[in-house]
Amino acid sequence: MHSSKLIWLVYFIFVYITACRGNFVKPKPAANVNEPQQIHIGFGQRLTDIIILWSTKNNDSSVAEYYTGNTNSKAIKGETIHFEGNPLGCQYLHRVYISNLTPGKKYFYKVFGQDSDSTSSQYSFTIPDVTKPLTYMIYGDLGLLSANLQFLKHEVILDPQKYSAIFHIGDIAYDLGSDGGRRGDKFLNAIQPMAAHVPYMTIPGDHELFPGSKDHYRFRFSTPNAGWPMPMYQLWYSLDAGLIHFVCISTEVFFLDKDNIDRQMKWLEEDLEAVNEDRSKHPWIIVLGHRPMYCSVNDDSEDCRKTDSVVRTRLEDIFHKYGVDLFISGHQHLYERTYPVYKNKVLAFSNRNPRATIHFIVGSLGNQYLTEFSSKPGGPWSANVVSAMEMEIYGKVKAFNDTHLFWTANKAMDNGVVDKAWIIQNQHGPFDQVVISDPLGAAGKQWRKHNQEDDNTFINLNFFYVDKDDYNTRVTVLMFTFIFLIFGICFRKKILNSFRYCCINHDKCKNGQLIPM
Ligand SMILES: *[C@@H]1O[C@H](CO)[C@@H](O)[C@H](O)[C@H]1NC(C)=O
Ligand SMILES: *[C@@H]1O[C@H](CO)[C@@H](O)[C@H](O)[C@H]1NC(C)=O
């Protein structure tokens, strides 16, 4: 055969095989058309209550079957809602509430509908044992475009017991309601591998309050204290987690949901007052809200850049009054940690017995959406800033006991620690009441030890704050230096004369080398 004909023959065979490839593949068994998807769990009113949510394409009932390694399974029936706000996505949403589970125990579960015989795979969760130090993962602004979503999932799935919960603090899917609801479906399917195993706690950000996504947030998630779908006037909740009392608020009441300002403010005050009645039960108060009140971004139109920041004006005094230890937010696509700061003033350049709230922003996972450069420092209160341009970061908080809480910011790509801080508080409670006056006591020494051993927290110190020690010490040293200087100037002749005297009488000065006057 002529070689050019051979080439043509090979070419046609190739085209034929490529075009008909589908016909050579063995047909797959018919897909389980109504298979539960978008499975995610969260805490109910208590850490021993678990809410399971999922979606299906067709109408079906909602049942969850759960079991431990050595007990019989229990089946619990829940509710199904037909969600029409999701024209192109899965419209049947399911929710089951399981209560009174046992702390420290691992449960396996499956979800299904009785009407269509479609059952999910098996998943598991572990009820936190609050008598042990627990770790929580915290981030905002994730969405589907994060370059590191796979790494993040991997970190959680590798050891689902490592994190007692994940807090996604607003700006969830950009947006849950986009693309006829398919964006929300996609996002929830993407996070299912972690969110079906570890309670995925949420608060609304601005993207959950846009008209097209509001209902998606209320229907697709279910948080403690609220019914389901969550009513607009209850998009906030608190959660007792042993040493930590988490307060999850909607900062959108100050922006896109102003009808609910008073309602949330009243609830917030009551909640914080109640925890303060006995702080020994839940010494650490951590507030999670989408929008920050201090930030180092170069866009002066952002609320957190303004001197009359709405979030700050509304919340800072309450946080101070009730001794909120940490305020963690997102919204700005960067990572930032502050020193204890109140009314724009740094109260101390250390985290030992802070007398004001310490602020964190963990909004850099969604860097694909809009990246803020942190080129404009926010002020002396900024302890560390990392732009999302550099890396995507998630936060981790772990309370060891009532005096020691450890914070780290980790690079999503390889979990490398980017920033860390021990927060040591010996006197929890309202900040305006008690002032600790024993900086070198046991706690101080402990702090110093941590600081030298593994606390590399003060990375971004500027010229004035090179000393890791606390602010008061530096002021004292400066004051004494000043006094000595004045003393020296006033009595310079006397001092120099006494030097001259010494010199004359000194062996080495016998040849009369005097200090010139
Ligand atoms: C779904 O099925 C239930 C039980 O069969 C029925 O009561 C309900 O009306 C159905 N919902 C829709 C939207 O068809
Ligand atoms: C609290 O935890 C820290 C860190 O593990 C430890 O150094 C400290 O001794 C603990 N304090 C008490 C009172 O157990």
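**Helix packing and other local features**

Modeller: This is a predicted model. In it, Ile261, Met265, Leu268, Glu269 and Leu272 in α6 meet Arg314, Leu315, Ile318, Phe319 and Lys321 in α7.

Colleague: At what angle do α6 and α7 pack, and how far apart are their axes?

Modeller: Helix α6, residues 261-277, and helix α7, residues 310-321, pack at an angle of about 15°, and their axes are 10 Å apart. Angles under 35 degrees count as roughly parallel, and α6 and α7 are therefore roughly parallel to each other.

Colleague: Is the crossing of α6 and α7 right-handed or left-handed?

Modeller: The crossing in which α6 passes α7 is right-handed.

Colleague: Switching to the ligand, which residues surround ligand 1?

Modeller: Ligand 1 has Asn59, His82 and Tyr92 around it. The protein buries 30% of the 360 Å² that ligand 1 exposes when taken alone. As for Asn59, an N or O atom in its side chain is 2.3 Å from an oxygen atom of ligand 1.

Colleague: What about phi of Asn100?

Modeller: Most residues other than glycine have a negative phi. Asn100, in the loop between β6 (92-98) and β7 (106-112), has a positive phi, near 55°.

Key: Residues numbered from 1 in each chain as written. Chains lettered and ligands numbered in written order. Predicted model: local features only at pLDDT ≥ 70, side-chain atom pairs only at ≥ 80, totals over all residues. Heavy atoms only, no water. Near = heavy atom within 4 Å. Polar contact = N/O pair within 3.5 Å; in protein donor to acceptor, adjacent residues only side chain to side chain. Areas by Shrake-Rupley, 256 points an atom, 1.4 Å probe, with all protein chains shown as cover. Axes fitted to C-alpha atoms, helices over the stretch in contact; angles between N-to-C directions. Helix = DSSP H or I, 4+ residues; strand = E, 2+ residues; numbered from the N terminus. Parallel < 35°, antiparallel > 145°, perpendicular 65-115°, else oblique. Left-handed = near helix turned anticlockwise from the far one by under 90°. Contact = heavy atoms within 4.5 Å.
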